[in-house]
Amino acid sequence: MKQLIRVIFCLALAAGLSFGKDFMGIPIEEAPASEVRPLPLVVLGGGGFLRYYLNSVDGGVRASTDFRVHKHHSLGLFGLIHLGDDFMEAGLDYRFYFSGRLMETGHDDFLRFGFSGIYIEKDDESYFPPVISFGYGRDILFFKNADLLGRIQLSGSYIIGEPVSKKKDNHLIDQEAHFLISLDLSLLFF
């Protein structure tokens, strides 16, 4: 009988201690559950870019939108307008994200593969050569609760077909280039 009373006493004491914080007003806080926001499905925005070719740097504006297919993959559309020259570019992007943890770490690095077309006006004629590009970049989440991220990417592009050209003052002929190097800075909303 003493054994049964001891077991009942121990069970009652354990039950009382487990509910004691509710009845005694003791400020016992439980660890908050860390809520991680889901990855944005669609991001869109724009920014500016600097492009190096033919021993000079030109700039322009960029608009883009991306659709996150998977945490490591996204597809996107983009458009570029050069402010200094007579050409524009529009195309498709594929990005492979290394970690896929943008909302947890605040940044995510990616490789970019692109296919686009450039509209070029030369000698009163219009050309639409295709362009293949490859790059590396980083998405940066500035604030945890804001629907805003920054993107910086460095990429190289190769024009297949008609090259871009510039007339130099000290040269009698136009200089032409097939390879372009770009640095893009963008602000994107989701």
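1. In this predicted model, Asp147 counts as partly exposed because its relative accessible area is 39%. Its side chain meets that of Arg37 in a salt bridge, with an N to O distance of 2.5 Å. The two partners come from distant parts of the chain, 110 residues apart: Arg37 is in the loop between helix H1 (2–24) and strand E1 (42–53), and Asp147 is in the loop between strand E7 (130–141) and strand E8 (148–159). Arg37 is likewise partly exposed, at 28% relative accessibility.

2. A second salt bridge pairs Arg151 with Asp66, whose closest N and O atoms are 2.7 Å apart. Arg151 belongs to strand E8 and Asp66 to strand E2 (residues 56–70), so this pair ties together parts that are 85 residues apart in sequence. Both Arg151 and Asp66 are buried.

3. Asp93 and Arg112 form a further salt bridge, with 2.9 Å between the closest N and O atoms. Asp93 is in strand E4 and Arg112 in strand E5, 19 residues apart. Asp93 counts as buried because its relative accessibility is 3%, and Arg112 is also buried, at 3%.

4. Across the whole structure, the search finds 11 salt bridges.

5. What does the side chain of Asp108 contact, given that Asp108 is buried yet has no salt bridge? Asp108, which is found in strand E5 (residues 107–122), makes a polar contact of 2.9 Å with the side chain of Ser99. The nearest side chain of opposite charge is that of Arg68, 4.5 Å away; a salt bridge requires the nitrogen and the carboxyl oxygen to be within 4 Å.

6. On the surface, Asp86, Glu121, Asp123, Asp124 and Glu125 gather in a patch of negative charge. Asp86 lies in the loop between strand E3 (73–82) and strand E4 (87–97). With a relative accessibility of 54%, Asp86 counts as exposed.

7. Phe96 lies in strand E4 and is partly exposed, with a relative accessible area of 28%. Its C-alpha atom is separated by 9.7 Å from that of Tyr136, 40 residues apart along the chain.

8. As for the overall architecture, the secondary structure comprises two helices and 11 strands, and the pattern along the sequence reads α-β-β-β-β-α-β-β-β-β-β-β-β. Of the 190 residues in the protein, 35% are buried.

Terms used. Residues are numbered from 1 along each chain as its sequence is written. This is a predicted model: local features need pLDDT of at least 70, side-chain atom pairs count only at pLDDT 80 or more; totals for chains, interfaces and linings use all residues. Side-chain values use heavy atoms; hydrogens and water are left out. Patches are made of residues with over 30% relative accessible area and no salt bridge: like charges are joined within 9 Å, nonpolar side chains (Val, Leu, Ile, Met, Phe, Trp, Tyr) within 5 Å. Accessible areas come from the Shrake-Rupley method with a 1.4 Å probe; for residues, only the protein chains shown count as cover. Lys and Arg count as positive and Asp and Glu as negative; His and the chain ends are not counted. The place of a charge is taken as NZ of Lys, CZ of Arg, CG of Asp or CD of Glu. Helices (H or I, at least four residues) and strands (E, at least two) are DSSP runs, numbered from the N terminus. Buried means under 20% relative accessible area, exposed over 50%, partly exposed in between (1.4 Å probe, protein chains only). A polar contact is a pair of N or O atoms within 3.5 Å; within protein, one must be able to donate a hydrogen and the other to accept it, and residues adjacent in sequence count only if both atoms are side-chain atoms.
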